[in-house]
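Try each task on your own before you read its solution.

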Amino acid sequence: MNIGQAFKMAGKSILANKMRSLLTMLGIIIGVAAVIALVGVGQGTTKQVTDQVQSLGTNLLTVSITGRGSKTTLDYKEAEDITNTSDIEFAAPYNQQNATVKNGSNSTSVSVVGTTADYMDVKDYSLAQGRFVAQIDLDYYQKIAVLGSTTATDLFGTTNVVGQSFLINGVRYKVVGVLATKGSSLTGSNDEIVIIPITTSERLFKSKGVKSINVQVADPKKMDAVMTELETALGKKFRGDTNSYRVFNQQDLLDSFSSISDTLSLALGGVAAISLLVGGIGIMNIMLVSVTERTREIGIRKAIGAKKRDIMIQFLIESIALSGLGGLLGIGIGLGTAQLLQKFASMTVVVSIPIMGLAFGFSVFIGVVFGLFPANKASSLRPIEALRFE
């Protein structure tokens, strides 16, 4: 018996019991679909976060001041002095607080950032109207503000915002600029924001000292050197108290998240692969039933000259056909699930062709492994006993 004939007989056997064949393939279908969808979600999340981090640039450092009390704080002038080196292109000390902003009957809760002129360059903002915070605003404690696009719309609608006044925690501020729409990032919405001078922020929230500094290094190759310089300067300022500050590298953050995400994707794929093993057990169970049902057929075929190898190949091909067809259906359902998640759940799903190939290949492998025992049992039947079977 040639291979083509074996496949033809396997197809007839599967079609003769359509419902049983479909239920047998269900474990494989669910397993392959789950692998594709879950790994796609994991890779999509990785891509989304990676794109957001890389959009800011991998030449960013973040200095966090964690100390308490007057001896473990850093004012914005000291922050500017520490970051005033030729290797640093932009440096923006800032404080961030949540506050209620109000214009007449319109009010909303937003993030209020007190910072300096470099903040726009470090965060890659651009202006839609007016201007940004300037040094003169810091020097004279000006009560001016730059609004995010969403905040401007919430407070003033579609009117020209520049020159209008509004309240931050009951204190009146004048709008001098509006930021262009930027969307969301890892830290939340970039459009629901109000930016004011850091000196004014300290007075408004009665909080002295800088909490964080965003630093953009001119040459990415000098990241480690700049980190060392900043840690040395901060160590002198805080007299060696390393608990008072932290310096984070954006690239290190990206690498750490990628590592965690890859592990998560692997775990999700492993969990989904369990369904494939369950599906394989289902195939073996049904193939054993099929061997029992077709014992007389096997006896007749062996009696007229079929070899052990022919019987084994026939049942093994049936098992592979079931698992392979289940794998193909699983790929189709997995792709459909990925599309639905993107459309209705607003999730980023990255469908990987290698993962699809791996899932399908594993499903066929399952068919081979779990089909060997039933195939071997069928091929080992003695013709006389098979013909006597009722």
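**Exercise 1.** Find the strand that holds Ser 111, and decide whether Ser 111 is buried or exposed.

*Solution.* Start with the place of Ser 111 in this predicted model: the residue sits in strand E3. Next, look at its relative accessible area, which is 12%. Buried means under 20%, so Ser 111 counts as buried. Now turn to its surroundings: leaving aside residues up to four places away in sequence, Ser 111 touches Gln 96, Gln 97, Asn 98, Glu 192, Ile 193 and Val 194. With Gln 96 there is also a side-chain polar contact of 2.7 Å.

**Exercise 2.** Work out which residues of helix H6 are buried and why they lie on the same side of H6.

*Solution.* Helix H6 covers residues 149–156, and its buried residues are Ser 149, Thr 151, Ala 152, Leu 155 and Phe 156. These residues span an arc of only 160° around the axis, so they fall on the same side of H6. An α-helix has 3.6 residues a turn, so residues three or four places apart point the same way. Among the elements that cover the buried residues of H6 are strands E2, E3 and E5.

**Exercise 3.** Find which helix gives the largest share of the nonpolar patch.

*Solution.* List the members of this surface patch of about 740 Å²: Met 19, Leu 22, Leu 23, Leu 26, Ile 30, Leu 325, Leu 328 and Leu 329. Helices H2 and H11 each supply at least two of the patch residues. The largest share, five residues, belongs to H2. From H11 comes Leu 328, which is exposed at 51% relative accessible area.

Conventions
Residues are numbered from 1 along each chain as its sequence is written. This is a predicted model: local features need pLDDT of at least 70, side-chain atom pairs count only at pLDDT 80 or more; totals for chains, interfaces and linings use all residues. Side-chain values use heavy atoms; hydrogens and water are left out. Buried means under 20% relative accessible area, exposed over 50%, partly exposed in between (1.4 Å probe, protein chains only). Helices (H or I, at least four residues) and strands (E, at least two) are DSSP runs, numbered from the N terminus. The arc is that of the directions from the helix axis to the C-beta atoms. Contact means heavy atoms within 4.5 Å. Patches are made of residues with over 30% relative accessible area and no salt bridge: like charges are joined within 9 Å, nonpolar side chains (Val, Leu, Ile, Met, Phe, Trp, Tyr) within 5 Å. Accessible areas come from the Shrake-Rupley method with a 1.4 Å probe; for residues, only the protein chains shown count as cover. A salt bridge is a side-chain nitrogen of Lys or Arg within 4 Å of a carboxyl oxygen of Asp or Glu. A polar contact is a pair of N or O atoms within 3.5 Å; within protein, one must be able to donate a hydrogen and the other to accept it, and residues adjacent in sequence count only if both atoms are side-chain atoms.
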